[in-house]
Amino acid sequence: MKISIRSTKYSDLEIGLLLLLFGLLGMAISHFLPGVAERLPRCLFRAWTGLPCPSCGATHAGIALSRAQLWSALRFNPLFTLFYIGMAVTAANALAGLIFGRNLAVTWSCTARPLLLKALFSALLLNWAYLLGQRFAAM
């Protein structure tokens, strides 16, 4: 992995600016529509099995983050909390590129990509184990 500062290519900003838009939209919905999480459809996996899926708690984590409640967000779903923080960093990087004309660029070598995928899959399994542990600890 290589991190460098480079001149902004505006075609590279699209994803970051979309993430910024989604993040701001999510924060606005959370702020202006309290109780929105209770109106969303329930998790089908949880309804069928009684067990949490790997993404259970992600909505509550996002709402907690929008209210600056980091520890609550981590308790709801640690992996998605980190994912949302990564989205915010990516959005801030794109915004910096738009304003200053320079932003951070991360490049991955071909040999590092399989390792990254294995790490992400392992994180997903660990997150699921955490959620299952919370479920069984509550019994």
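At what angle do helix 1 and helix 6 pack, and how far apart are their axes? Helix 1 (residues 14-32) and helix 6 (residues 78-100) meet at an angle of about 120 degrees, with 8 Å between the axes. That makes helix 1 oblique to helix 6; oblique is what is left once angles under 35 degrees count as roughly parallel, over 145 as roughly antiparallel and 65 to 115 as roughly perpendicular.

Before going on, bear in mind that this is a predicted model, where local features need pLDDT of at least 70 and side-chain atom pairs count only at pLDDT 80 or more, while totals for chains, interfaces and linings use all residues. Numbering starts from 1 along each chain as its sequence is written, and side-chain values use heavy atoms, with hydrogens and water left out.

Overall, the chain has seven helices and two strands (DSSP runs, with helices being H or I of at least four residues and strands E of at least two, numbered from the N terminus). In sequence order the pattern reads β-α-α-α-α-α-α-β-α. The C-alpha trace spans about 55 × 40 × 25 Å along its principal axes. Of the 139 residues, 19% are buried, meaning under 20% relative accessible area, with exposed set at over 50% and partly exposed in between (1.4 Å probe, protein chains only).

Here are the two helix pairs, with axes fitted to C-alpha atoms over the stretch in contact and angles running from 0 to 180 degrees between N-to-C directions.

| Pair | Angle | Axis separation |
|---|---|---|
| Helix 1 and helix 6 | about 120 degrees | 8 Å |
| Helix 4 and helix 6 | roughly 50 degrees | within 9 Å |

Helix 4 covers residues 58-66. The crossing of helix 1 and helix 6 is left-handed, whereas helix 4 passes helix 6 in a right-handed crossing. Left-handed says that the near helix is turned anticlockwise from the far one by less than a right angle, and right-handed that it is turned clockwise.

Helix 6 also holds Phe-80, which counts as partly exposed because its relative accessibility is 23%. Its C-alpha atom is 8.0 Å from that of Gly-62, a residue 18 positions away along the chain.

Now for the surface. Met-1, Ile-3, Ile-5, Leu-104, Val-106, Trp-108, Leu-116, Leu-117 and Leu-120 make a nonpolar patch of about 900 Å². Strand 1 (2-7), strand 2 (102-107) and helix 7 (112-137) each give two or more residues to the patch, and helix 7 gives the most, with three. Leu-104 sits in strand 2 and, at 45% relative accessibility, counts as partly exposed. Patch residues have over 30% relative accessible area and no salt bridge, with nonpolar side chains joined within 5 Å.

Note on methods. Patch = residues over 30% accessible without salt bridge, like charges linked within 9 Å, V, L, I, M, F, W, Y side chains within 5 Å. Areas by Shrake-Rupley, 256 points an atom, 1.4 Å probe, with all protein chains shown as cover. Salt bridge = Lys/Arg side-chain N within 4 Å of Asp/Glu carboxyl O.
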